[in-house]
Amino acid sequence: MATGFYFDERCLWHTTGEHVIIAPVGGYLQPPTGSGHAENPETKRRLKNLVEVSGLGDHLSWKKAPPVSRADMERVHDRKYLDEFKRLSDAGGGNAGFYSPFGPGSFEIAAVSAGLVSAAVSDVYHRRVDNAYVVSRPPGHHCLPDASMGFCLLANIPIALERLRAEQGPVRVAVVDWDVHHGNGTETIFYDRDDTLTISLHQENCFPPDQGRADARGKGKGEGYNLNIPLLPGGGDQAYRDAFSLLVKPALERFRPDMIVVASGLDANAFDPLARMQAHSETFRAMAGDLKTLAGRICNGRLLAAHEGGYSEGYVPFCGLAVIETFAGHRTPVKDPFLDILSQQQPPADFIAYQRARLEAQARALGF
Ligand SMILES: [Zn+2]
């Protein structure tokens with residue numbers, strides 16, 4: 001077996017229209033000369049290219065998958081939303097929610113993106129691959145049952161998990177969302193469920209700005225099965241290491257999932273235009289390593305990551321490579337050319353101590 005690498009060129013043909021960062025062109029916004037919208041294909045294309053050029057691709061099992069069906073989508077999404085998304089997509093594009101523009105054919109491409117995640121979930125569950133990384137777009141973790149949001153058009157991970165459960169019966173899954181933005185879509189979909197532990201590490205008050213508070217713990221049967229870990233802007237590498245040791249790992253040990261699924265946004269890195277967390281490739285390598293070790297101990301190694309955000313064309317590939325190298329257990333000769341400077345651009349000790357004290361207080365409140 002090997003690490004499964006799930007990729008489909010069609011995912012890179014999803015378009016987000018003429019924007020500057022996240023704002024549509026018009027008025028005083030000069031049209032872009034380059035990629036324009038932050039969520040464009042280049043970050044993912046360059047990650048896939050680095051996987052090939054580095055030689056890591058020779059150690060992976062490359063996979064494609066059929067798109068998810070309408071029935072798969074309907075386990076998570078309202079029919080009305082799907083109808084509207086499909087209608088606009090057929091008509092040449094539009095926006096069926098908040099901050100989520102798309103072009104012609106994006107409905108079918110979103111089905112491919114969710115299909116790749118669904119195949120990876122199934123393959124990892126049935127141990128057909130050691131573990132898996134999915135490079136797909138559009139992303140999924142902000143998408144709500146009845147609206148698209150934050151560049152996310154279908155809830156890729158929930159669709160995949162609900163299909164697995166429809167086929168297999170009950171499966172306990174922990175979703176660890178290390179995208180720098182709050183995983184509000186995944187949280188919403190599983191908020192009253194005790195079979196899915198949703199953990200989101202995110203920059204506090206980033207996006208959505210009014211969500212992701214630590215006191216949002218789930219409701220009803222799901223009370224205690226949602227864990228938000230808001231981190232201070234500028235927290236850097238140590239904020240993530242402390243959050244993992246104080247909260248993420250104890251929560252996973254307590255929950256004992258059958259499988260761990262990472263919502264792998266790579267936008268906590270220091271170059272990202274849409275956040276301010278100052279992490280770097282070794283942050284992602286460390287988090288991936290922690291989860292691989294833990295999955296080996298508590299869930300028969302069942303671990304996969306589905307790509308979410310990450311908007312620095314130049315740096316996302318090195319963060320993604322670190323994760324996939326770790327999953328595959330193969331270190332390529334590639335050295336992160338930015339690591340030296342980013343390692344020095346970290347917060348001072350008193351800031352780190354303050355951030356750590358906040359995390360310790362949260363861990364104490366949870367009895368860890
Ligand atoms: Zn993000």
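Predicted model: local features only at pLDDT ≥ 70, side-chain atom pairs only at ≥ 80, totals over all residues.
**Entry 1: Ala-38**

I looked up the contacts of Ala-38, setting aside its neighbours within four places in sequence; the partners are Ile-21, Ile-22, Pro-273, Leu-274 and Tyr-311. I then located Ala-38 itself, and it sits in the loop that lies between strand S3 (23-24) and helix H1 (42-53).

Is Ala-38 buried or exposed? I recorded 21 other C-beta atoms within 10 Å of Ala-38. A residue counts as buried if 20 or more such atoms lie within that distance, so Ala-38 is buried.

I also checked Ala-38 against Phe-351. The two are 313 residues apart in sequence, and their C-alpha atoms are 30 Å apart in space.

**Entry 2: Strand S10**

**Entry 3: The partners of S10**

I looked for the strands that pair with S10. With strand S11 (residues 196-203), S10 pairs in the parallel sense over five bridges. Opposite Ala-174 I found Leu-197 of S11. I followed the chain from S10 to S11 and saw that it passes through helix H6 (residues 184-190); this β-α-β crossover is right-handed.

Strand S13 (residues 259-264) also pairs with S10, in the parallel sense and over five bridges. Here I noted that Asp-177 has Ala-263 of S13 as its bridge partner.

**Entry 4: The whole chain**

I counted eleven helices and 14 strands in the protein chain. Along the principal axes, the C-alpha atoms fill a box of roughly 50 × 50 × 45 Å.

Why does the radius of gyration agree with that of a compact globule? For 368 residues, a compact globule would have a value near 21 Å, and the protein chain has 19 Å, which agrees.

I recorded that buried residues make up 54% of the 368 residues. Finally, I considered the contacts with a separation of 6 or more: 76% of these join residues 24 or more positions apart.

Note on methods
Residues numbered from 1 in each chain as written. Pairing = 2+ DSSP bridges. Helix = DSSP H or I, 4+ residues; strand = E, 2+ residues; numbered from the N terminus. Right-handed = clockwise from strand over helix to strand, strands pointing away. Rg over C-alpha atoms; globule rule 2.2 N^0.38 Å. Buried ≥ 20, exposed ≤ 12 C-beta atoms within 10 Å, placed from the backbone. Contact = placed C-beta atoms within 7 Å.
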